[in-house]
Amino acid sequence: MQVTRRQFFKVCAAGIGTSSIAALGFSTDALADVREFKLTRSTETRNTCPYCSVSCGLVMYSMGDKAKNAESSIFHIEGDPDHPVNRGTLCPKGAALVDFIHSPDRLRHPEYRAPGSREWKRISWDEAFEKVARLMKDDRDKNFMAKNGEGATVNRWLTTGFLAASASSNESGYITHKVVRSTGILVFDNQARV
Amino acid sequence: MTNHWVDIKNANVIIVMGGNAAEAHPCGFKWVTEAKAHNHATFVVVDPRFTRSAAVADLYVPLRTGTDIAFLGGVINYLLSRDKLQHEYVKAYTNAPFIVKEGYEFNDGLFSGYDEAARTYDKSTWAYEAGPDGYARLDVTMQHPRCVLQLLKKHYSRYTPEAVSNICGTPGDTFLKVCELIATTSVPDRTLTFLYAVGWTQHSVGSQMIRTAAMVQLLLGNVGMAGGGVNALRGHSNIQGLTDLGLMSNLLPGYLTLPGEKETDYRKYIGARAFKPLRPGQMDYWQNYEKFHVSLMKSWFGNAATKDNNWCFDWLPKLDKIYDVLQAFELMHQGKLNGYFCQGFNPLASIPNKAKLTAALSRLKYLVVIDPLDTETSCFWENHGKYNDVDPARIQTEVIRMPSTCFAEENGSLTNSGRWLQWHYRGAPPPGDAKPDAEIIAGIFLKLRDMYRKEGGAFPDPILSLTWDYDIPHSPAPEELAKEYNGKALADLADPKDPAKAVLRKGQQLDGFIQLRADGSTSCGCWIFSGAWTEKGNMMARRDNSDPSGLGNTLGWAFAWPANRRILYNRASCDPSGKPWDPNRRLVYWDGSKWTGFDVPDFKPDSAPSEGMGPFIMQPEGVGRLFALDKMAEGPFPEHYEPFETPIGTNPLHPKVINNPAARVFRDDMKDFGKSRDFPYAATSYRVTEHFHFWTKHTRISSILQPEQYVEIGEDLAKEKGIKAGDRVKVRSKRGFIEAVAVVTKRIRPLQVNGETVHHVGIPIHWGFKGIARNGYLANTLTPFVGDANTQTPEFKSFLVNIEKA
Amino acid sequence: MALQSLDITRRSATTTPSPSQRKTQEVVKLIDVSKCIGCKACQAACMEWNDTRDKIGTNHGVLDNPMDLTANSWTVMRYSEVETGRGLEWLIRKDGCMHCADPGCLKACPAPGAIVQYSNGIVDFQEENCIGCGYCITGCPFNIPRLSGKDGKVYKCTLCSDRVAVGLEPACAKTCPTGAIVFGTKDDMIHHAEGRVADLKSRGFAEAGIYDPLGVGGTHVMYVLQHADKPGIYHGLPKDPSVSAMVTLWKGAVKPIASFALAAGVFGAFFHYVTKGPNEVSEEIEKEFKDEK
């Protein structure tokens, strides 16, 4: 073992530090405790990861015990150990889900961008539904095709289209399909391919 | 997936090809590592790049992007020429002995019936020869020159190891090593599983790549077996469910199909779908089509759907063509689309050729975006400097953006790749005023319905009559919707075996699709999901993870469609006498009086083996198809065609037919395809493990783990171009350019193809002009606007670029 | 946690004996490099559980990110593309605290109770006692601890002592998709590792083995390596790590001399020393300060 002179002094100094603090009466009853376990008394909710199709089971931990006066907020997510596929594991995306929920880029309010405008304007849900329904109805009434050129009944609406999601629930997908078809829309697709 | 995630552990050989499971599906990939650790499985990765899947593979096999059919065709040739087949399986469970009609031909890259002007085939010769009894003819000796096995041999005899190596750039000895390994699974007690993803689908010949793998599996007897199958690893959490629910141009829920405009006669519509059996004694399950269809129409239109109005058949829109997302943006680009909805979908980033997409969106009158996040699509009109250089003042599109909840803030079910519907629960309220998707759709619909009620307008009947008996009309509960798609009895349902008894009383939830009727006495919103919410309650929320067979079929966990079955075609896991091929993979078996076992039999439960019913009960002939008949656009056997942008400029098998002759190409896009003299490098775009599509760039931890856009190139190309790791580079295609940091790696090697050296450039997709990760260029600036001939899935995986130091 | 706090083997800079009557099971986190797909789930789970967030950096021409351990990133994946007799191998090693049985950090630490070793083997930093001198950094043979620019204290992997204390596995071990990270008693982990080594040998990795270096008394984070004869190819994993000369000297011959020096009244100099730290460390510290700001 080669020790330079400088290292020797350094070691001495470190040694002094160690014994000196004790010698000079600093408390040796220093706290030696692990960090408080952060999930104690949080509320657990089972969920499914919204990313890929492995559909890992999740346990979400939220603040508050669902009492009336407490607003729940999820502060931690880990894999569901009972789930037969992921058995408690999560990938880097899944392990980061809490940051997705709380992303600063989550949308909070309905918004409207007027033709040529450079900005969003906040609107109410009622205004948003009213605007969208009006745009749909005007376009549908104008362009709905009851019969094709050969006189066959086709009852289709080709000038408005709908792209459905890849991560919304079956229940959302089902009602979306039901509504879209009732209007006669055929320009209809989902994210199955991309 | 024909099988499911946990079942991968039962495989002896695992091939990841056309995908990168370790990076895109890490937690499902665990079952690969389990198979290696506990089943001593051999794991092979076939990919242009040495991926993180390859990092733990026993064998990494390079191939040029877009040449998978050549590779797998070579495997078929190897298996046939060395007689490495599961003979009994091939004879009994595939259409190998079926005789094909006279007139079927394949010459110089084209099958019989090609119409060059229309870029389509007349498929009338792609059919079986009918015998005097009307059924398809067979030669059980499989010697007839027109039997499928002989045609198969002839077709793939051109795919020699040398030809494979020449097209794919795979070293010959490595290719043979893979063939030998695959061939070891032709015995009954060894299985191979293929795990693929959009690395296969995103080609102009994507569907046929998958078919080639399926054919390999049929020849080896690996379909229906535990640890076997052809397994699509789907990319999004519920894209399986959304597809099952038929949210596509031409589908209705449960893979029912919309009528075309020439099918305005209801009986003809049903007749064309309830296929006649092609062999005697076959189950031919689609014969029940009308039961599924009528129950759907009762679900949607309730009392308005009657026998007299053909269950509202006229109300269904009739197709003149398929309106997939590429067609939609083409129409938008031509100014023929006025309005567009994007629900949880960011097409500006996800569809090829960003320049075209921006121009198209700018021609819309209105765009409605429903999303939890601030997406590029909703902000396509915003100027973000070099990343989105548009002038808002010149874009006249009205945009309405509606915030939706995310998974954590709602109840509901998602369907995973293994077809499991799993229920999840709300854990917290959404931020701000965000609402669940179902509530947003209800909000729009109720306004629209009110307007039609008050004002009248174009054909309001289906809108006014749509069933809407939800307790809170503006907020249909997920539980109510799940019960609706499961279906219920609209009248007392008599027991077919004892008409005096009722199996279900009016108003009760159905036990499954077996109870569906075509007389209007049942409703069911999605027949394949029937059984998900029965009188016993929510079957999707079940949490019994016990696994009595040890094969991983946890039948008490959630609900798998169809009928809680975990492995499709599982009847084929037994020999024709009903005994499992492999006693260690006892999924189902014939116990002398019925089919039973550790999975729900994919079969008529009381059909004795002696009755000769085939295991592929959805097919009119009861067997698996090596010859696809008329089901594929570009031919009954997969053939290698080059990507639309090919680095070698020819097709070594048939230079006159280079690309897929049946792929749809819009005229204006043809001029946007690049040539190898200007864009000499084969590019491929993909996900990386740290990110999920265009979502996680909004997520802090994910952005920390991979903060900035990069491209990957091999050391040889880097040296040639004077590029060092960490340099900024410009990657250009015929459609535009991106700039990114260069990752220079040993993991991408030049390949020798048809006498040329082909370099690959790897392009991860995750960055854009929105999000908290470092902003970047949308990678689809580069990709070509052409899709697979059957599904129109864009060719994201094979295109041409050039690269230079920025 | 009271029970856990009493199960202490040793504390830094403390002469009074630690309460050590109880003996809990010795735990180990085993990292099987041959199963690792480099997905960084462990990095994500570590930040998520420990409520740390590193800054969003840049790409440096490699897949590694963050590029090094920091006071917020207590573990990072290190990727090495290596040509071996088998062709190209992509060796991906999760780097972080090894929880040495003979911890150089603890021995070097001058702040009483700033570093403790529990009887289960976990070496834990008690940041409230840390004086930020950086000695642990020089004392560590694996170059693991990092000083925070925010609070001037040193941070590193705790082996999730808060989770282990209540009977859970560390966050990284739980999340690991492929089971490349497993957690259990040292005996069980050695048994598990032996099975993995046998599997690797059957696949042609003749030199597969376990990394549990004796120079630091063995570790409570162990690796299974495909090439255990060449740990250096795993992004510079030291072949024979040992507690540094300075720390060893201090524990041995130097201590009496130093005590004498104290008696001679060099307290002021010492105080300066522990607050500012030695030159080499200061440079590192300053750099980290800059990086974090």
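This is a predicted model: local features need pLDDT of at least 70, side-chain atom pairs count only at pLDDT 80 or more; totals for chains, interfaces and linings use all residues.
As for the hand, α3(B) passes α9(B) in a left-handed crossing.

Now stay on α3(B), residues 68-81, and look at α7(B), residues 172-183. At what angle do α3(B) and α7(B) pack? It's about 60 degrees, and their axes are 10 Å apart. That angle is why we call this pair oblique. The crossing of α3(B) past α7(B) is right-handed, whereas the one past α9(B) is left-handed.

Who makes the contact here? On the α3(B) side you have B:Gly74, B:Val75, B:Tyr78 and B:Leu79, and on the α7(B) side B:Phe175, B:Cys179, B:Ile182 and B:Ala183. By class that comes to seven nonpolar residues, one polar and no charged ones.

Moving along chain B, let's go to α16(B), residues 437-455. Is α16(B) mostly covered or mostly uncovered? Mostly covered: 14 of its 19 residues are buried. From first C-alpha to last, α16(B) reaches 27 Å, close to the 27 Å expected at 1.5 Å a residue. And just after the helix, B:Gly456 takes a positive phi of about 70 degrees.

One loop residue in chain B while we're here. B:Asp492 is in the loop between β17(B), 488-489, and β18(B), 493-495. It has 14 other C-beta atoms within 10 Å, so it counts as partly exposed. Leaving aside residues up to four places away in sequence, B:Asp492 touches B:Ala502, B:Arg505 and B:Lys506. For a sense of distance, B:Asp492 and B:Pro620 are 128 residues apart in sequence, and C-alpha to C-alpha they are 32 Å apart in space.

OK, on to contacts between chains. How many residues of chain B are in contact with chain C? There are 36 of them, and they meet 32 residues of chain C. On the chain B side, the elements giving two or more residues are α1 (21-24), α2 (26-39), α20 (700-705) and β29 (736-745). The largest share, six residues, comes from α2(B). By class, this side of chain B has 20 nonpolar, six polar and ten charged residues.

Then there's chain A against chain B, where the contact takes 101 residues from chain A and 135 from chain B. Which element gives the largest share of the chain A side? That would be α3(A), residues 125-143, with 13 residues. The chain A side splits into 46 nonpolar, 33 polar and 22 charged residues.

A quick word on the partner chains themselves. Chain A has four helices and nine strands, running α-β-β-β-α-β-β-α-β-β-β-α-β from the N terminus on. Of its 194 residues, 56% are buried. Chain C has ten helices and eleven strands, and 56% of its 293 residues count as buried. What about contact range? Take contacts between residues at least 6 apart in sequence: in chain A, 33% of them join residues at least 24 apart, and in chain C that figure is 63%.

Last stop, A:Pro104, in the loop between α2(A), 97-101, and β4(A), 111-113. Is A:Pro104 buried or exposed? Exposed, because there are 10 C-beta neighbours inside 10 Å. A:Pro104 and A:Gly94 are ten residues apart in sequence, and their C-alpha atoms are 18 Å apart in space.

That's my tour, thanks.

Key
Residues are numbered from 1 along each chain as its sequence is written. Chains are lettered from A and ligands numbered from 1 in the order in which they are written. Axes are lines fitted to C-alpha atoms, for helices over the stretch in contact, and angles run from 0 to 180 degrees between N-to-C directions. Angles under 35 degrees count as roughly parallel, over 145 as roughly antiparallel, 65 to 115 as roughly perpendicular and the rest as oblique. A crossing is left-handed if the near helix is turned anticlockwise from the far one by less than a right angle, and right-handed if clockwise. Two residues are in contact if their C-beta atoms, placed from the backbone, lie within 7 Å. Ala, Val, Leu, Ile, Met, Phe, Trp, Tyr, Cys and Pro count as nonpolar, Asp, Glu, Lys and Arg as charged, and the others, Gly among them, as polar. The expected span of a helix is 1.5 Å times one less than its number of residues. A residue is buried if 20 or more other C-beta atoms lie within 10 Å of its own, exposed if 12 or fewer, and partly exposed in between; C-beta atoms are placed from the backbone.
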